[in-house]
Each structure stands twice: as C-alpha cells, then as structure tokens.
Amino acid sequence: MTKGSARPALTPPRPKLSRTLARDYPSPVSVIRIVNARQHNLKGVTVDLPHRAFIVVTGPSGSGKSSLAFDTIYAEGQRRYIESLSTYAKQFLDRMPKPLVDRIEGLAPSIAIEQQAPTMSSRSTVGTATEVYDFLRLFWARVGRCWCRVCGAPVRRDTPESAAAELLATASGRLMIAFPLPASARLSHAAIVENLRALGFVRVLAAGTPVHLDELPGGIDLAAEADLLVVVDRLAAGAESASRVREGIATAFSEGEGIAVGVHGSGRLRFTEFAACSRCDTPAASVTPALFSFNNPRGACPACNGFGATLEYAESLVVPGGREESWGDYGVHKCFGPDHRDQHTNRG
C-alpha cells in the first residue's frame, strides 16, 4: 500500500438508498422500510411500504411475492415480537430465523393469513375462518371502553391505587375510609357488634354519624340501620398518607365485598372492584374477549343467539286462510281430511 492510498474496506459497503427514496418517500416513522432484502429469490430489494394502506404485491410465479410478504416482513415482525417476551414465554414458542435483509424499519408485530381451506360451518365467517376475529376480540377487550346503558357515563373498575389517587385529589382535611356492611353480615345487633370487634373494627357510621362500638346510644339497632358504614381508618388527607389510604381501601374492598367508601368533609366517594357506572352505580358486564364473541352466550345476540338469522313460522302456510280461520274443524279437516278429524280430536 502506497502512502496516501485509501484503506481497503473490511466489509463490502451496504447499498445506499437512492435519491428517489430519500427525497420522495415519507420518513421511516410512517412507512415500513425494507433495505436490501435477499431472502430466497429476492435480489437486493429495497422498498418503502406506507402504513395504514392496503398494499397488493403482484407478479408472476417465482418473482418473490411470498418471499417478501411472508418470509421477510412477517418473519421479522414475528421474530421481534417473540424476542420482546420473557424467557419463560419464549420456551413455548418456536424461534423464527432472521431473514436475509440489512434492516427493516417501522415494523410492528405482524399477523399472517395464509392461503388454506379451513373447515367451516354455518356459523363461520371470514374473521373466524382466518382467526383474525380472535385477535380483534382480544384487542377490543384490552383497549375498549364501556359506557353505562342507563345514563351514558363511563363504566370503570376501581383499584386501591386509582381509588386512593382520586380520593386524595378530592378530599381535604380529615377523611375516613369505610365499607358498607354486607347483607350476609346483618344478623342481630349483638352479633354484628361482636363480629366487628373480632375483626378489629371499633367504629361505624350510622346514618352519617360516627359512633364507637363501646359508646352506642341506647335503642340503636345496627341490624336495622339502612345507612351503616364500618370505619376502616381515619387519617388526614395528604401525599404523605397515600400508602395508608391504599391499604385502607384494599381492606375495605376485602371486607366490603368489593365496595369501599371514602368519607370527607365535602361528601362521599364510592369505589367498587366490579365493573359499574361511575355515576349511577349500574352494574355492567366485564369487558372480556367473550363479550365480543357471537359463539359465546355472553356476546351472542339474544334474538338470534349469534346465528345471524331467526326462524319464524308462516301462519299462512300452517293454517290455511291465515288468522281468520281457527284451529277448529276446518283446519283439522283441511290438514287431515274428513276421515281423520275425529281420530285427531280424540288423541287430544
């Protein structure tokens, strides 16, 4: 090597994007950019595929359509998805080899629907035959929001963390965390007092008034009290008491059969572990994949049971003459003939 000569490259240079791609095509954020794909019979294909578009790959047999769509794009998307899982989950999935391509940008986890002849029934659709419907049901169950069928308010399911955050953001000063006494625990007055003391609860809210169990006024009957709350904790609202509020709400959920109440100076806040309306407390169905399946009783239409069609009788074909004619002698006579009318009547 003479002085001033260029150093030989250790690896062959990668092909650069043409000026047309760099200038006319959108940025990699909005496209799937494939650079120098060499899988199977692909010969250094570099192409940009826009997101949110319906793209058709055409060409004669052996031109590399499947090599590009399935063996390159889908294989790389599936491989990246599997690599993002935990080591425990990976052992149940087949590892996919990395396709022969320099790089692929803007690629999300992908789904491939291959050409096949699936076994279909009268309840099959394009979604069930291709199994895309299973992914859609899972997607809707995870990102979908449920709304109350009575008042239109959003339906939510509270957790100790979300309930504590809302309570601390609303309340000021002193607050109490309580739960309504379940109907199953409403025995006699003496039994209620004894059971609450055994569980470590010594205060209740009877008709909005805090009362200690050792100082119950005469004549009060906790079993007959309509508005009865069992106090779990009393504390001052503030960021420093966030962990204590979460623990109190978790205890209220456990003892109150999924219901907790936060009582503060300006009112009450009711929380529930179950899916219910945030305004009128109307219960709602849990948003699960089964709710979006017409083959499941939870998601099937009550009119057609998920079949998509209903079976109805045509009265004009069952009873000659329509509703004007009764099931009397004329109907039996026309259906069975005069010789069989008496036999049919005797059979009941």
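Predicted model: local features only at pLDDT ≥ 70, side-chain atom pairs only at ≥ 80, totals over all residues.
Glu76 is buried, with a relative accessible area of 1%. Glu76 belongs to helix H2, which spans residues 65-83, and several charged side chains gather around it, as the following paragraphs set out.

Side chains of opposite charge can pair when their charged atoms come close. One partner of Glu76 is Arg79, and the closest N and O atoms of this salt bridge are 2.8 Å apart. Both residues lie in H2 with a spacing of 3 residues, about one turn of the helix. Arg80 also forms a salt bridge with Glu76, again with 2.8 Å between the closest N and O atoms. Arg80 and Glu76 are 4 residues apart in H2, so about one helical turn separates them. Whereas Glu76 is buried, Arg80 is partly exposed, with a relative accessible area of 31%.

Lys98 is partly exposed, and its relative accessible area is 48%. Through shared partners, the salt bridges join Glu76, Arg79, Arg80 and Lys98 into one network. In the whole structure, a search finds 12 salt bridges.

H2 lies across S1, S2 and S3, and its direction makes an angle of about 115° with S1. These strands form an open sheet of 3 strands in the order S2-S1-S3, with antiparallel pairing. Strand S2 (45-50) and S3 stand at the edges; each has a single partner strand, and therefore one side of each is left without a neighbour in the sheet. From one strand to the next, the twist averages 5°. Strand S1, residues 31-37, pairs with S3 in the antiparallel sense over 4 bridges, and Ile34 stands opposite Ile104 in S3.

The discussion now turns to the nonpolar residues. In soluble globular proteins, nonpolar side chains tend to be buried together. The largest nonpolar core here has 27 residues, and those that touch the most other members are Leu167, Ile177, Leu196, Val204, Leu222, Val245 and Ile249. Among the elements that give two or more residues to this core are helix H6 (160-170), strand S5 (174-180), helix H7 (189-199) and strand S6 (203-206). Helix H8 (242-255) is also one of these elements, and the largest share of the core, 4 residues, comes from H8.

With strand S7 (residues 209-212), S6 pairs in the antiparallel sense over 4 bridges, and Leu205 stands opposite Pro210 in S7. The two strands form a hairpin with 2 residues between them, and Ala207 in the turn has a positive phi of about 55°. S6 is also joined to S8 by 3 bridges, and these two strands run antiparallel. The bridge partner of Val204 in S8 is Val230.

Beyond S8, the loop between S8 and H8 holds Ser241. Is Ser241 buried or exposed? Its relative accessible area is 9%; because buried means under 20%, Ser241 is buried. The side chain of Ser241 reaches the backbone oxygen of Ala236 at 3.0 Å. Apart from neighbours within four places in sequence, Ser241 is in contact with Leu168, Leu235 and Ala236.

Finally, the chain may be viewed as a whole. Its secondary structure comes to 11 helices and 11 strands. Of the 348 residues of the protein chain, 28% count as buried. Among the contacts with a separation of 6 or more, residues 24 or more positions apart account for 58%.

Definitions and conventions:
Residues numbered from 1 in each chain as written. Heavy atoms only, no water. Salt bridge = Lys/Arg side-chain N within 4 Å of Asp/Glu carboxyl O. Buried < 20%, exposed > 50% of the residue type's maximum accessible area, 1.4 Å probe, protein only. Pairing = 2+ DSSP bridges. Axes fitted to C-alpha atoms, helices over the stretch in contact; angles between N-to-C directions. Contact = heavy atoms within 4.5 Å. Core = buried A, V, L, I, M, F, W, Y, C linked by side-chain atoms within 4.5 Å. Polar contact = N/O pair within 3.5 Å; in protein donor to acceptor, adjacent residues only side chain to side chain.
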